[in-house]
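This report describes one protein model for a reader who works from coordinates. Please keep the sequence and the 3D view open while reading.

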Amino acid sequence: YDPALAAAQLTSFKKVRHLFEGDFFPLTPYSPSEKAWLGWQFHREDLDEGVALLFRRAEAAGTKRTVKLRSLDPAQTYRIRVEGEGQLSTTEVDGAALAEGLEATLTEPESSLLIHYRALAEAQ
């Protein structure tokens, strides 16, 4: 048990927990296989904000997956914050590009990414 890691994960969860009340979209087909990647998206239309969670299971091949986020405004610009595998990055992307696909990288098996997005106008 790593208390510092647990505290950091709890802080991350608290930042996005309000989004779990929104719409739910699977980003990958469900599979119980250890060879699968799994992904879900939660989106709050009233906030134009959401979170995507991606999981690479123990035997899943490949380090990259492209996911298509849903319910985004193609005319809006979104601030994207990606956390996982010790990485933390923030960028801005337009909704049309996000709807076409967002490439996610997980280099290690049994790892995950949290992708938090928010319409830039709402992020101010």
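The text below goes from the whole chain to single elements and then to individual residues.

**Basis**

This is a predicted model, in which local features need pLDDT of at least 70 and side-chain atom pairs count only at pLDDT 80 or more, while totals for chains, interfaces and linings use all residues. Residues are numbered from 1 along each chain as its sequence is written, and side-chain values use heavy atoms, with hydrogens and water left out.

**Whole chain**

The protein chain has 3 helices and 8 strands. Helices (H or I, at least four residues) and strands (E, at least two) are DSSP runs, numbered from the N terminus. Their order along the sequence is α-β-β-β-β-β-β-α-β-β-α.

The C-alpha trace spans about 40 × 30 × 25 Å along its principal axes. For 124 residues a compact globule would have a radius of gyration near 14 Å, and the 14 Å of the protein chain agrees with that. This radius is taken over C-alpha atoms, and the globule rule is 2.2 Å times the number of residues to the power 0.38.

The protein chain exposes about 7,200 Å², of which carbon and sulfur atoms supply 52%. Accessible areas come from the Shrake-Rupley method with a 1.4 Å probe; for residues, only the protein chains shown count as cover. Buried residues are 38% of the 124, where buried means under 20% relative accessible area, exposed means over 50%, and partly exposed lies in between. A contact means heavy atoms within 4.5 Å. Of the contacts between residues at least 6 apart in sequence, 61% join residues at least 24 apart.

Helix H1 covers residues 3–16, and its 14 residues should span 20 Å at 1.5 Å a residue; the end C-alpha atoms are 20 Å apart, which agrees. The expected span is 1.5 Å times one less than the number of residues. At the start of H1, the backbone nitrogen of Ala4 has a side-chain oxygen of Asp2 within 3.1 Å.

Strands S5 (residues 77–84) and S6 (residues 87–94) pair in the antiparallel sense over 8 bridges; two strands pair if DSSP finds at least two bridges between them. Thr77 stands opposite Asp94 in S6. The two strands form a hairpin with 2 residues between them, and Glu85 in the turn has a positive phi of about 50 degrees.

**His18, Glu49 and Arg118**

Which residues does the side chain of Glu49 join through polar contacts? A polar contact is a pair of N or O atoms within 3.5 Å; within protein, one must be able to donate a hydrogen and the other to accept it, and residues adjacent in sequence count only if both atoms are side-chain atoms. One partner is the side chain of His18, at 3.4 Å, and another is the side chain of Arg118, also at 3.4 Å.

Glu49 is in strand S3 (residues 49–56), and His18 lies in the loop between H1 and strand S1 (23–26). These two residues are 31 apart along the chain, with C-alpha atoms separated by 10.0 Å. Beyond neighbours within four places in sequence, His18 is in contact with Arg44, Leu47 and Glu49. Under that exclusion the contacts of Glu49 include Leu19, Phe42, His116 and Tyr117.

**Thr105**

Thr105 lies in strand S7 (residues 102–105). A polar contact of 3.3 Å joins its side chain to that of Lys64. Leaving aside neighbours within four places in sequence, the contacts of Thr105 are Thr63, Lys64, Glu85, Gln87 and Leu113. Glu85 is the turn residue with positive phi described above. The C-alpha atoms of Thr105 and Gly84, 21 residues apart along the chain, are separated by 9.3 Å.

**Loop residues with positive phi**

Asp48, in the loop between strand S2 (37–44) and S3, is not a glycine but has a positive phi of about 50 degrees. Glu110 is found in the loop between S7 and strand S8 (111–119); its phi is positive too, about 55 degrees, and Glu110 is not a glycine.

**Accessibility of the residues discussed**

| Residue | Relative accessibility | Class |
|---|---|---|
| His18 | 26% | partly exposed |
| Asp48 | 14% | buried |
| Glu49 | 6% | buried |
| Thr105 | 24% | partly exposed |
| Glu110 | 65% | exposed |

Terms used: Buried means under 20% relative accessible area, exposed over 50%, partly exposed in between (1.4 Å probe, protein chains only).
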